[in-house]
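This briefing sets out selected local features of the structure shown below. The points are grouped by topic for reference alongside the coordinates.

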Amino acid sequence: MSIFDITFNLAWLIPLFPFLAFVTILLFTYRNRRLSHQLAIGGIAVSTVLSQVVFWAAALLPAGGGQHAFESALIPWLPVGLESFSLGVYVDPATAVMLFMVPLVCLMIFIYSVGYMQGDPRYSRFFAYVSLFATGMLGMAVFNNLLAFFIFWEIMGTCSYLLIGFWYEKKSAISAGLKAFLVTKVGDLFFMLGLALLYAQAGSLAYRDVFSPQTLEHLAHTGFLGTQFPVAAVIALLFFGGTVGKSAQFPLHVWLPDAMEGPTPVSALIHAATMVSAGVFLVVRSFPLFAAVEGGIQMTIVASIGAFTAIFASIIAIAQNDIKRVLAFSTISQLGYMVAALGIGAYVAGVFHLITHAFFKALLFLGSGSVIHGLEHGHHVEQAFQPADVEQPSQPAIFNPNDMACMGGLARRMQRTFWTFLVGGLALAGFPLTAGFWSKDEILAQAYASSPAIFWVLAVAAGLTAFYTARQICLTFLGQPRTSAAERAPESAPSMTVPLIVLAVFAVGLGWAGIPEHFPGLGGRIPNWFGHFVGRTIETTHVVQPTTGATPGFVWQPLALGLAFALGGLALGWLVYGWKPVQAGEVDRVERAFRRVWLGWLYNAMRDRFYCDRIYQATFVRGSILVANLFHEFDRIAVDGLVNLAGRASQAVSRASDWLDVHVVDTLVNLAGRAGRGLSAVSGFFDVRVIDRLVDLAGLGTRAFSSLTAVVDVKVIDSAVDGVGDAVLAGGRFIRPIQTGRVQNYLLLASLMVLALIVTFFMILFLRI
Amino acid sequence: MVPLEWVLVLAAALFCTGLYGVLSRRNAIAILMGVELMLNAVNINLVAFWRYREPTAVTGQIFALFVYAVSVAEVAVGLALIFAIRRTQDTVVLEDIDLLKG
């Protein structure tokens, strides 16, 4: 066993530590807030260190060894029927880069949460849940088969439900959690069907078996249900259904904007490091399956849905006023980018964007959380200074700290937040030399080479992204404060700003690991390390890849167009929103421009997210309520009717027997009663005359005897009886405390007795005492 | 097939969870829920032993059905009692219901 093997086996421990933190917090330390967050951060910190060790080991592993993936020894895991699943860890470059990103971002978010969640009544529980969330993501990344992948995937689904609905006093939070859970479950159903189909066809779910050339060959040449359509494409599409749900692609994107109801660190966790990346990671992981059928329709579908989502969500993002919702739609659109990249076969570029996006999107979410936190603080300060009954004309009726209309001019008050947010925003917009620029440029270059339609859609989406990013930064940080809360907003605590700075460093620096070789000026001087490393994953799968190889030479058009769109979008956004500072109460400038050219309806549609939620409400939600009502009516009329019928029948029977009782039986009884009365008159006469005399005589004798025994009774027997009574009373007073009247005490006693009996039994059985 | 021990461990864990609930909760309804967990743990054991040891006989299943019937009756009576206590004593916290106290 070489040093690398030993290192890779550390991957076993990576998901373990957050899980231990989760269990410990939930069971033991939830009363102690400080200890709870220390445990959670400690757990993820240990995982981070281990992950870095594994990552660097994988990165330094000599590439020429022909071994692109490490698989540990397997342990028998889940016996099912006659077969048995085994579990091991599997580290290939895709896993390794995920291990580089996930725990690091999680760690930053956890540290940030210490400041953000300060004073929350369920503080410890929050840290327990986020630890479990991290467990889900890490477990999904390291294990070696799709069943474990699915299980951890579902753990994350559950955690997202718990965390989005974390502030369950708010009704909107509850429904948002439910919505996220149900909508992603629609996707998960497809994923599960895909798993079943794959298992039926390949007889295994381990990556090593499923993605082996033989299996892929077999899957690509087997028709689905007797048709010519290859079964590999069907499985890939079913898997993609899971991705659509988890990564919020159209048409299952509706849950993600609502998921903003959770605490902001959760939004960062869900939208950057874990949940939504999981969906894309599923495509990354099963990419050989997607690519198994050359020129198949599945890749086209993936690319089209990704590109459509990218532009669709970025259009909506322009018309949103909630700072977090803008970011939510931006996430959806960036995920669309990654999916589109994978769909055109740009595997490396897709993974690269996944990693860089995780860092800068986490940065943006945490930055917006810092803004919201500051605004809430400012609001509280203001309330403290002013008596509640004074009307404030400048204040909206209900103060909403998420609304960008309430912000403005925060750059001066929150300097660290502003600069880091600016870095994140530029990375998102694809400003040159930031991480987002390199990854987006690579996607655009590959799209240009493979499909012009996809390229143009993505390029326009990039321009829109730059525009709404500029709009967001201008509205939030530039100009004059538009509410008094924004005037008083303080900078957040260091526990919140330090993670921002760390993430900002990565949001710029990470891109330098993946500069294409043919890039003018910089390319070649800094090796395209990322491309070589991650590219190894698919090189060894022996599958024909559409256009995964690096483009033969440098093509300047995609770079120039991408740059033009990004810089143009940023400049336009600044011209519209930053040139002249936005005043309080002003109508949104894009909205005004749209209305002027009679496009108000379009703006309304954008603001209302193209009515997707309403359409789903009208069709799916109403539909299922209708079906439920139908069944309810069936139950009420048919099933209840039968029961009522039985009830009525027995009522009729009882009424009949009642009549019988009154009219027949009662008459008979009365007759017998009358006869008895006559008889008793006769015997009464006899009784008085004869028997009474005899009894009186006996009574006299008895009285004499009893006066004799009375003496004995008082002296002897009474004292004995009193003695017993006193003894019982004393005993009762002694035993009474045991009888507390609390049922649970009795139960506890009974359980202890049973336990003692069991112990005794075992001692007799095994020790032969 | 999953080994018998695993099922037994599951049942034991369920039983302990139920027992813990019964002993630690203050709300009478929660205690009833704990009791249900314990009964279901027993059911798992019954069915498991039937399946692994005597798959030809039906006694284990029948017994489990009996347990179900009993537990349904128990819930019906228990809930009725709790309602009655709630009406007269205005509480469902068991510690406050100590009329039996000597």
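In the hairpin formed by S2(A) and S3(A), two residues lie between the strands, and Gly81(A) there adopts a positive phi near 60°. The model is predicted, and local features are reported at pLDDT of at least 70. The points below begin with this hairpin and continue with the helices and the loops.

- Strand S2 of chain A covers residues 75–80, and strand S3 of chain A covers residues 83–87.
- The two strands pair in the antiparallel sense, with five bridges between S2(A) and S3(A).

**Packing of H21 against H25**

- Two packed helices are described by the angle between their axes together with the distance between those axes.
- Helix H21 (residues 452–477) and helix H25 (residues 556–577), both of chain A, pack at an angle of about 30°, and their axes are 7 Å apart.
- Because angles under 35 degrees count as roughly parallel, this angle makes H21(A) roughly parallel to H25(A).
- The crossing in which H21(A) passes H25(A) is right-handed.
- Classified by residue type, the contact of H21(A) with H25(A) comprises 18 nonpolar, seven polar and one charged residues.

- Helix H15 of chain A, residues 297–318, contains 22 residues.
- From the first C-alpha to the last, H15(A) reaches 32 Å, close to the 32 Å expected at 1.5 Å a residue.
- Of the 22 residues of H15(A), 17 are buried, so this helix is largely enclosed by the rest of the structure.
- Leu366(A) belongs to helix H17 of chain A, which covers residues 347–385.
- Leu366(A) counts as buried because 33 C-beta neighbours lie inside 10 Å.
- Leu366(A) and Phe594(A) are 228 residues apart along the chain, and their C-alpha atoms are separated by 32 Å.

- The peptide bond joining Phe250(A) and Pro251(A) is cis, with omega of about 5°.
- Pro251(A) is located in the loop between helix H10 (231–246) and helix H11 (255–258) of chain A.
- Ala248(A) is likewise placed in the loop between H10 and H11 of chain A.
- Phi of Ala248(A) is near 55°, a positive value in a residue other than glycine.
- Ala248(A) has 31 C-beta neighbours inside 10 Å and therefore counts as buried.

**Leu433 in the loop between H19 and H20**

- Leu433(A) lies in the loop between helix H19 (415–429) and helix H20 (435–450) of chain A.
- In Leu433(A), a residue other than glycine, phi has a positive value near 75°.
- Leu433(A) is partly exposed, since 13 other C-beta atoms are within 10 Å.

Key: Residues numbered from 1 in each chain as written. Chains lettered and ligands numbered in written order. Predicted model: local features only at pLDDT ≥ 70, side-chain atom pairs only at ≥ 80, totals over all residues. Axes fitted to C-alpha atoms, helices over the stretch in contact; angles between N-to-C directions. Helix = DSSP H or I, 4+ residues; strand = E, 2+ residues; numbered from the N terminus. Parallel < 35°, antiparallel > 145°, perpendicular 65-115°, else oblique. Left-handed = near helix turned anticlockwise from the far one by under 90°. Nonpolar A, V, L, I, M, F, W, Y, C, P; charged D, E, K, R; others polar. Expected span 1.5 Å × (residues − 1). Buried ≥ 20, exposed ≤ 12 C-beta atoms within 10 Å, placed from the backbone. Pairing = 2+ DSSP bridges.
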